[in-house]
Amino acid sequence: MMKRLPFAFIALLAVILIPLQDVRAMTNKPTDLVPSSRVYEEVMYLSEGQFLSSDDANKFLPDAPMTRAHAAMMIGAALELNGKPRWTKFSDVPSSNRASGYIQSAVDAGVISGYADGTFKPNNTLNRGEMAMLFSRLDGNSIPNADRAGKYLMNQGIALGVTPSDFGSKQLMKRGDFAVFLTRTINPTFRLEGVMLAPETMYVKEGTRPALNVRKGPSTKYAVVTTAPAGKRLSVFKKNGQWSFVEVDGKYGFVHSSYLTKTEQSVTESDETPVVPEQPTPPAPQPPAPEQTKPVPPATNNADLAYLATRLVALDPGHGGKDPGAVGYGYAEKTATLAIAKYANEYFKQSPIQTMMTRTDDRFLELWEIGAMANARNASLFVSIHINSAASSSATGLESYSMKASSAGLERARMLSKYMQNRMVEAWPLPNRGVKTANFQVLRDTKMPAVLLEMGFINNKRDNYYIRTASEQKKMGRAVYLGTLDYYYHYEGRKGITSLYDAVGAKPSKRLY
Ligand SMILES: [Zn+2]
């Protein structure tokens, strides 16, 4: 902390001495992006690491052209290079230029270069070809030709071409697109399609105490995703500055490379520091499944909450036992659906709504049994949880199904489907494939409004990350809960249930028709 103070002081002086509308590192969250923005997730990801730079302290200006100075600033920050403004070898980058430190460091690191005439042209805009060469270098495969570098980024799932065969090297680079490509270069979980990187096995060094933090991004500014004890085996996919992008027990994140070794460590099981689970472990199964009910809550003088106490929501984790459902990257649909349903069930316990689960452990049920269970209990709503897969690993996104609407009951299912879909796309930043109809047996058999949710494609690399990650499963469980509340709040007009939203830090969705 102490070491950083002089830099902070210099930065403060610079803010005072240099007029506004100048290149600067952004320490604030940008205020000019809404969550529906195409570049929102990536810009916010970079913001968390304080990797952004802008001409405005509070606005990222995603549609403005990317300049070479800002490119050096953001890449320099993402690699944790020395950003202290200082002398550079370029005649047009004096030490008074706030980007001078990162420009010189990025040049020293071989990531970016100047012009033959001894200038850097910091205010020149970057075209897509120049950006591609830059990111190919950043990704560890320096390609000095714009078109070939562009093809490389397309093959790596970092960028799309303007057409499948043309990268559009001459086109101008917008700041928002730059942020997206930088994020995908740094963090492969953001990449397009099912791009797989070949991992290298490494181990957490002996003596790492209490455990190595695995973070969401390559900086200590990022949240800890999980931890890995000394001796733990990791799959290392790529390096970013001093950090390595790794997988540990199905979770992806960044660890500081100085704690890793290629040599297997002689740490015994009992020496290992227990890994702190990121999320509370779901409760132990309580078979037989259909009997799971909580006591009827005490009477309340809120009519809407009292009404909810008479509701029973059936949660159906798809597949199980001998039927794994879809499988991708070694992870089975039946495992994800059960975990998500259990998280959803935990959320429902915070409400008066009763739930039943068609299974709470790894067991096989015939499709006809599932509908029969929900009908036997006279459930109010039926929610079947599934994970998609497709022949192509490029299929991605979230979708909700109900039966084709032709009666009041089916119209209610359609509305439930809409509210579920709305919350699903809020939970995971995957494409919205929309609300659809299909003649699935569980939807056909059930007598109450019923929906079937397809939560991503298990054989798509990016979707798979969300599907298998406990913290993301929990978010999706919350989405199922909130979608149900939204349905009661809007479609059934139960406006007295806002305390349930408050309890989980949410608000009613907008009304959907
Ligand atoms: Zn399924």
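**The chain and its metal site**

Modeller: The protein chain exposes about 22,600 Å², of which carbon and sulfur atoms supply 54%. This is a predicted model, and the pLDDT of the protein chain averages 86, with 87% of the residues scoring at least 70. Two stretches call for caution. Over residues 1–21 the pLDDT stays under 50, and the model has 7 contacts beyond four places in sequence for them. Over residues 268–300 the pLDDT likewise stays under 50, and there the model has 63 contacts beyond four places in sequence.

The secondary structure of the protein chain consists of 15 helices and 17 strands. Of its 513 residues, 53% count as buried. Among contacts between residues at least 6 apart in sequence, 72% join residues at least 24 apart.

The zinc ion has as its protein donors His-319 through NE2, Glu-333 through OE and His-386 through ND1, which lie 2.1 to 2.2 Å from the ion. Along the sequence, these donor residues follow the spacing H-x13-E-x52-H. Glu-333 belongs to helix H9 (residues 333–348) and His-386 to strand E14 (residues 381–388), so this pair ties together parts that are 53 residues apart in sequence. The surroundings of these two donors can be described as well. Glu-333 has a relative accessibility of 4% and counts as buried. His-386 is also buried, because its relative accessible area of 13% falls under the 20% cut-off.

Helix H7 covers residues 175–186, 12 residues in all, and reaches 16 Å from its first C-alpha to its last, close to the 16 Å expected at 1.5 Å a residue. As 12 of the 12 residues of H7 are buried, the helix is largely enclosed by the rest of the structure.

Methods:
Residues are numbered from 1 along each chain as its sequence is written. This is a predicted model: local features need pLDDT of at least 70, side-chain atom pairs count only at pLDDT 80 or more; totals for chains, interfaces and linings use all residues. Side-chain values use heavy atoms; hydrogens and water are left out. Donors are N, O and S atoms within 2.8 Å of the metal (3.2 Å for Na, K and Ca); water is not among the atoms, so sites may look incomplete. Helices (H or I, at least four residues) and strands (E, at least two) are DSSP runs, numbered from the N terminus. Buried means under 20% relative accessible area, exposed over 50%, partly exposed in between (1.4 Å probe, protein chains only). Contact means heavy atoms within 4.5 Å. Accessible areas come from the Shrake-Rupley method with a 1.4 Å probe; for residues, only the protein chains shown count as cover. The expected span of a helix is 1.5 Å times one less than its number of residues. pLDDT is the predictor's confidence in each residue, from 0 to 100.
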